[in-house]
Amino acid sequence: MSDKYDCIVVGAGPAGSMAAKEMAENDVDVLLLEKHPEIGVPLSCAEAISFSGLTDFVPIDPEWICTQVQKVLLVSPSNIKMELHHPNAGFILNRKLFDKRLAEKAVSCGACLKVNVQAIGLLKNKKGEFCGVRVLETCSERSESDRKEKEYEAKVIIGADGVESNVARWSGMDFCLGLDQIGSSAQYLLDQVEVEPDCTEFYFGQTLAPRGYAWVFPKGNSRANVGLVIASDRSKEKKAKEYLDEFVTKRFYNFKIAESMMGGIPCFDRHKNLVKENVLLVGDAGRVVDSLSGAGISTALLSGKIAGSVVSQYIKNGNSSVSFLKRYYDELMHIRGRLLRFHTFCRAIFLRMTDEYLDAVISFLKEYFDDKVVTGLEPIPLVKTILRSNPRLLLLLRHLVW
Ligand SMILES: Cc1cc2nc3c(=O)[nH]c(=O)nc-3n(C[C@H](O)[C@H](O)[C@H](O)COP(=O)(O)OP(=O)(O)OC[C@H]3O[C@@H](n4cnc5c(N)ncnc54)[C@H](O)[C@@H]3O)c2cc1C
C-alpha cells in the first residue's frame, strides 16, 4: 500500500521544514519525514546565526532566541585580542525550539509531518524514474522494534537529510566527502560559566585547534555552547573532543557539562550537482554551507525556500519537463553562488595559515576597526583589504592559484 504526494521531503531540519512550508503555502501536497521522534533532537549545532541570515526568512520570535550578539571577540594564537562592536551581529538560537516551530509552521500551512519515520531508500517506477520513498515507520513509541516498512509515492523528492545524506547517495549524486572537505567538531553545552552575555568568542591556533578554531557562544543564564572544529586529517593523532577538553579547562575556572555532541562540518563544493531528475538536495545534504565558518542554518533556510518555490511552480505547471527543476540550482547560485565560492576560497587560504599569519591578520583587524562600532560587514571587500595588508598573505594566494 502506498500513499501519494506531490513532493516528499526527507528530514525536518531547517532546510526540510522551510521547503515544506514554502510548498504547503503554494497548495502543494507535501509529506515531511523525520526519523527522530522529536524535531530538533538530538542537535549538533552551536546555534549562531547572523541577523539577516535569520530575518530574511522568518519573523523573530523571542521564544526561540537565547541571546542577541552585539560583540565578537577574536583571540589570536599569541593572545592578541580584537573586539568588534556590532550591535546587530546576530543571535544565538534555541534550535531545539526553532526547528520544532518551523516544522509546526509547515504543518499549519498544510504539510503532512510524520516523525519516527526513517527513509531507507528511493522507489523507482518501471521506466527507472524516481517515484517515491521507502520508509521504516516506528509504530509504537514504547518499542523501537515495532517497525513497519511502507512506501510513499511522489512526483518530486527533496533530500534535506543533513550532512550524512542518504538521499544524495541513493539518487546517485554522490556526496562522499574527502578528508579535506569536512571538519571534525566537538561541542559542549556548559552550565555555570562566566561569559559576556552578548559576546561571541573565537580562538585560533594550531595547538589549540589545528586548521580550525574554538568558539564560545553565550546562551544566557550562565550557559554557553563551547566547541571547536579541526581539520579531519588531524583528528587521527588527537580527537576534536580531546582538544576541546584542553580548551575548556584553560578558558573556564568553573563549568558543568550539560550536553555534549560531535559532528562533521562539510564545505561547499561548486562542482557538485544539487538536482538529478526529480530529486533535489537542500541544506547540508547538498553541502550548501559557508565553508569558512561552517555555518549552515541560514543557507539551509535559503536553499529550502528556493527549492520549495521551484517545486511548487513545477507541480502547478503540470506538464513541465523535470529539467525545469534545475532552476533550483540556477536560482540558488544566482543569489548565493558568489559568496559560497568566495568562502570556500577563503577556507583554502585559512587552512594554509600558520600561527604567525593568524597573529598578523588579527593584529591588522584590531588596528583596522580600532574600537569603531560596526553596523554591517561586507566580507568580500574586507578580505581583499586583509590580503592587501600583508604581502605574505598574497604569497599564500599565489600557492593556491598555481
Ligand atoms: C558542532 C556543530 C556546530 C554548528 N554550529 C553552527 C552554527 O553556530 N551556526 C550555523 O549556522 N550552523 C552551524 N552548524 C551547521 C548547522 O548545524 C547545519 O548547517 C544545519 O543544521 C543544516 O540544516 P539541515 O536542515 O540541512 O540539516 P539538519 O539540521 O542536519 O537536519 C537534517 C534532518 O534530517 C533528518 N534525517 C536524516 N536522515 C533521515 C532519514 N533517512 N529519514 C528521515 N529523516 C532523516 C535528521 O534527523 C535531521 O532532523 C554546526 C554544525 C555542527 C556539527
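These are my notebook entries on a predicted model, taken element by element.

**Strand 12 and its partners**

I then followed strand 12, residues 213-220, of which seven of the eight residues are buried, so the rest of the structure largely encloses this strand. On one pairing, strand 11 (residues 199-203) is joined to strand 12 by three bridges in the antiparallel sense, and I noted Tyr203 opposite Ala214. On another, strand 12 pairs with strand 13 (residues 223-231), also antiparallel, over seven bridges; here Gly220 has Arg223 as its bridge partner. Strands 12 and 13 make a hairpin with two residues between them, and in that turn Asn221 takes a positive phi of about 50 degrees.

Further along the sheet, strand 10 and strand 14 are antiparallel over 10 bridges, with Leu190 standing opposite Ile257 of strand 14.

**Around the ligand**

Which residues come nearest to the ligand? Of the 38 around it, I list Gly11, Gly13, Gly162, Gly283 and Gly296. The elements that give two or more residues to this shell include helix 1 (14-25), strand 7 (117-124), strand 14 (256-266) and helix 6. By residue type, I recorded the shell as 17 nonpolar, 16 polar and five charged.

**Asp161**

I placed Asp161 in the loop between strand 9 (143-159) and helix 4 (166-170). Is Asp161 buried or exposed? With 28 other C-beta atoms within 10 Å, Asp161 is buried, the cut-off for that class being 20 or more. Leaving aside residues up to four places away in sequence, I find Asp161 touching Val10, Gly11, Ala119, Asn166, Val167 and Ala285. The C-alpha atoms of Asp161 and Val282 are separated by 8.4 Å, although these residues lie 121 residues apart along the chain.

**Helix 6**

I checked the length of helix 6, residues 297-317: at 1.5 Å a residue, its 21 residues should span 30 Å, and the end C-alpha atoms are 30 Å apart, which agrees. Helix 6 is mostly covered, with 16 of its 21 residues buried. Just after helix 6 comes Gly318, for which I noted a positive phi of about 80 degrees.

**Backbone exceptions**

Most residues other than glycine have a negative phi, and most peptide bonds are trans, so I searched for departures from both. The bond from Val41 to Pro42 is cis, with omega near 0 degrees, and Pro42 sits in the loop between strand 2 and strand 3. Glu277 has a positive phi near 50 degrees, lies in the loop between strand 15 (275-276) and strand 16 (279-281), and is partly exposed, with 15 other C-beta atoms within 10 Å. Arg287, also not a glycine, has a positive phi of about 60 degrees; Arg287 belongs to the loop between strand 16 and helix 6 and counts as buried, with 26 C-beta neighbours inside 10 Å.

Notes. Residues are numbered from 1 along each chain as its sequence is written. This is a predicted model: local features need pLDDT of at least 70, side-chain atom pairs count only at pLDDT 80 or more; totals for chains, interfaces and linings use all residues. Helices (H or I, at least four residues) and strands (E, at least two) are DSSP runs, numbered from the N terminus. The expected span of a helix is 1.5 Å times one less than its number of residues. A residue is buried if 20 or more other C-beta atoms lie within 10 Å of its own, exposed if 12 or fewer, and partly exposed in between; C-beta atoms are placed from the backbone. Two strands pair if DSSP finds at least two bridges between them. A residue is near a molecule or strand if its C-beta atom, placed from the backbone, lies within 6 Å of it. Ala, Val, Leu, Ile, Met, Phe, Trp, Tyr, Cys and Pro count as nonpolar, Asp, Glu, Lys and Arg as charged, and the others, Gly among them, as polar. Two residues are in contact if their C-beta atoms, placed from the backbone, lie within 7 Å.
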